[in-house]
Structures are given as structure tokens and as C-alpha cells.
Amino acid sequence: MQTLGQYPNKRMRRMRHDAFSRNLMRENVLTSADFIYPVFVLEGTNTVEDIKSMPGVQRKTLDLLLKDAEACVKLGIPVMAIFPVVDASKKSLDAREAYNPDGLVPRVVATLKKHYPELGIMTDIALDPYTSHGQDGLIDEAGYVLNDETIAVLTRQAQTHAAAGADIVAPSDMMDGRIGAVRAALDEHGHIHTRIMAYSAKYASSFYGPFRDAVGSSTNLGAGNKYTYQMDPANSDEALWEVGMDLQEGADMVMVKPGMPYLDILRRVKDEFKAPTFVYQVSGEYAMLKAAAQNGWLNEEACVLESLLAFKRAGADGILTYFALDAARWLQK
Ligand code: PBG
């Protein structure tokens, strides 16, 4: 016979006992409306290419991409993010292809918006697909990425994308002052509704490796790195400073990138600013989960959905993820 006081008076397991009470007290929910689907687009028609370091992700031509856009609409995924694979012959020191109104991105944006006007289209504002050296900006003789000269090109790139119909432009270059300059350039040309998602706390991460393979900038970049503009992974206060400045300059949404190793940053950003906050589950995170799943070491569906829900718990309003289509289908079950 046990005497009173030997047992805990509050049993946390009581609420976990049945599905109904677990559902009742659940604090965060993941839905397909939380996703932004990043895609890699190729010039031409009827062509698909596998990406070795991102099994299951493919570069594809616009005609085939339309099917993915339709899938996003059907599954309730609100936004697709476009990343171009630019032909080597169009890469240059001055990155002029970045603002060619007849370039790949403007054509893709216009066609997607024509077929699926309800699907949000986001474009990347940075020069790395267009520079012969794979840096996000213009460089001087010493290879240093020039800030203000780069911004002059980025603003033209953003205007070109907005004119083609992009709903969201997302500067991922990490130049100082680019959000204010892009906002001013958009407004000057009447694109007052074009939203800006700022890659505000973008770290100089080695988890971007597979992405650079996907867009073909890794060979151009070679032994180069992005340490003079992307953030030091050791820093946290600096991320808040960056986010604060981007919001002040007119960002509508901010982003933390990469995702899983930076959940602490995500939480701090959301707590501090309460702004629409996004996170990018980057290519290296995709590759890790996929590789483990393919080896039979992890349950893919369970681990991917857990990783995505964890972003919500950490404060994300939305997630850029290469798993978007799969995850949306899993959530429908
Ligand atoms: C380019 C850009 C990068 C990513 C998104 N935009 C790569 C980089 O900064 O080198 C990375 C995305 C990923 O790894 O999934 N400015």
C-alpha cells in the first residue's frame, strides 16, 4: 500500500495518453501553405538533368516545370522560387545577363504567371549564376566583391524580374544597403506591390555545396569563398543587426539560412522583430536527409516532416524546402 505523496501530483503523461488529447494540446501545425518550393530551371525544352549531390531533385526546362507549378497549386503550396542554370557562354565579369529582359528567369516568370496566376513566384537577386567567377557580385582586380557597384546591377536585376511578373524578389547576395536600393528601384518603376524577402541572416555555410553543383557555380567559384559578405557561423547578435537593418530598409519578409543548424538564430529573430520570418532548409540539409533515407538509416517521411515542424516551432512562418512537393503529399495522407 502506497502512501499519499509518493506519486507525482502532476502527470505529464496523462495528456499524452490518447491521440485526442495529444491533438488538443499541440502547439504547432505544419501545412502545405508553409512551403516555398525552390526549383532549378534549364534553357530549352523537354530536358531533365539529375543533380548528383541532390538525389530526387532535377534541373528541368520550363515546359516540364509547368507540371511542378500545377502540383504546387493543387497541393496548396503558395510559392515557387526560381533558380536558373545559366549557360557558361552567358556568364561574364559584368554579369550583364542578370538584367537581360529576354533572359531565362524573366521568360520563366512570365510563362509561369501566365499559366498559374494564383501561384506566387519568387526570384533570387544575386549575381552568382551570371558571373564567370561564381561570386554573388562584381569583383575588383584582387577578387574582392565590390559592394556599391554590385548593388547597381542588383537593382536592375530586381526591376527586370518585377517587370516580368515576379511577386517576390529575394536578395541573397548580402551586400550592404541592397534592400533599400532594391525597394527604391522597384518603387521608382511602379512595382509597389512587389514584395522583398531578404536573405538577412545568410551564413557563409558549407551546406550550400550541392546547390552550387545544381546551378553550376561551384566550378567557377573553385577554391573561392564568400567570407567577405556572408555571415560568420560563429555569430548570433550580428544576425539580429542584419535583420533589423533589412527591415528598416523596407524588407517585407526576412530569412535565416541555413535552417537546422541555425534554429537558435530563427528563434531570436522571431522573438526580437515579430516580422514574417522564413527559413531555408538548404541543399546540404536535403542531401543529408536524403542520403540517410536512401541508405535505410532514417525514415524519410517521418524525419523530413519532423525537421519541417521543428522550423515552425522555432518561429518560422514559412520554409524553403526541396521536400515541398513530397512533404505536401505526405501531409495529405
Ligand atoms: C546564391 C544562393 C545560394 C543559395 C541560394 N541562393 C548559394 C550561395 O550563396 O552560395 C543556397 C541554397 C542551397 O544551398 O540550397 N546567392
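Student: Where does Glu242 lie?

Tutor: Glu242 is part of helix 8, residues 237-248. Helices (H or I, at least four residues) and strands (E, at least two) are DSSP runs, numbered from the N terminus. Keep in mind that this is a predicted model: local features need pLDDT of at least 70, side-chain atom pairs count only at pLDDT 80 or more, and totals for chains, interfaces and linings use all residues. Residues are numbered from 1 along each chain as its sequence is written.

Student: Which UniProt annotation covers Glu242?

Tutor: "Binding site", from an unreviewed entry. UniProt positions are in the numbering used here, feature names are shortened, and annotations may be inferred rather than shown by experiment.

Student: Is Glu242 buried or exposed?

Tutor: Glu242 counts as buried, because it has 22 C-beta neighbours inside 10 Å. The cut-offs are 20 or more other C-beta atoms within 10 Å for buried, 12 or fewer for exposed, and in between for partly exposed, with C-beta atoms placed from the backbone.

Student: And what is Glu242 in contact with?

Tutor: Ser200 and Ala201, leaving aside neighbours within four places in sequence. Contact means that the two C-beta atoms, placed from the backbone, lie within 7 Å.

Student: Which strand is Lys202 in, and which one has Lys257?

Tutor: Lys202 is in strand 7, residues 195-202, and Lys257 is in strand 8, residues 253-257. Lys202 counts as buried because it has 26 C-beta neighbours inside 10 Å. Lys257, with 24 such neighbours, is buried too.

Student: What are their contacts, leaving aside neighbours within four places in sequence?

Tutor: Lys202 is in contact with Ser172, Met174, Gln230, Met231 and Lys257. Lys257 has Lys202 on its list as well, along with Tyr199, Ala201, Tyr203, Tyr280 and Val282.

Student: What joins Lys257 and Pro258?

Tutor: A cis peptide bond, with omega about -5°. Pro258 sits in the loop between strand 8 and helix 9 (263-273).

Student: Now the ligand. Which residues surround it?

Tutor: Asp124, Ala126, Asp128, Asp136, Ser172, Tyr208, Phe211, Arg212, Val282 and Ser283. A residue makes that list if its C-beta atom, placed from the backbone, lies within 6 Å of the molecule.

Student: How many of the shell residues are charged?

Tutor: The shell divides into 4 charged, 4 nonpolar and 2 polar. Here Ala, Val, Leu, Ile, Met, Phe, Trp, Tyr, Cys and Pro count as nonpolar, Asp, Glu, Lys and Arg as charged, and the others, Gly among them, as polar.

Student: Switching to helix 2. Which of its residues are buried?

Tutor: Leu65, Ala69 and Cys72. Down the axis they fall within an arc of 55°, so they line one face of helix 2. The arc is that of the directions from the helix axis to the C-beta atoms.

Student: What covers those buried residues?

Tutor: The cover includes strand 1 (35-42), strand 3 (58-61), strand 4 (79-84) and helix 3 (104-115). The face turned away from the buried side carries the exposed residues Asp63, Lys67 and Lys74.

Student: And what comes just after helix 2?

Tutor: Gly76, which takes a positive phi of about 80°.

Student: Which residues of helix 12 are buried?

Tutor: Ala324, Ala327 and Ala328, in a helix that runs over residues 324-332. They cover an arc of only 100° around the axis, which puts them on the same side of helix 12. Those buried residues pack against strand 1, helix 2, helix 11 (300-313) and strand 10 (318-321).

Student: Last one: what is the phi of Asn46?

Tutor: Near 50°, a positive value in a residue other than glycine. Asn46 lies in the loop between strand 1 and strand 2 (48-50), and it is exposed, with 8 other C-beta atoms within 10 Å. Lys274 has a positive phi near 60°. Lys274 lies in the loop between helix 9 and strand 9 (277-281), and it counts as exposed with 9 C-beta neighbours inside 10 Å.
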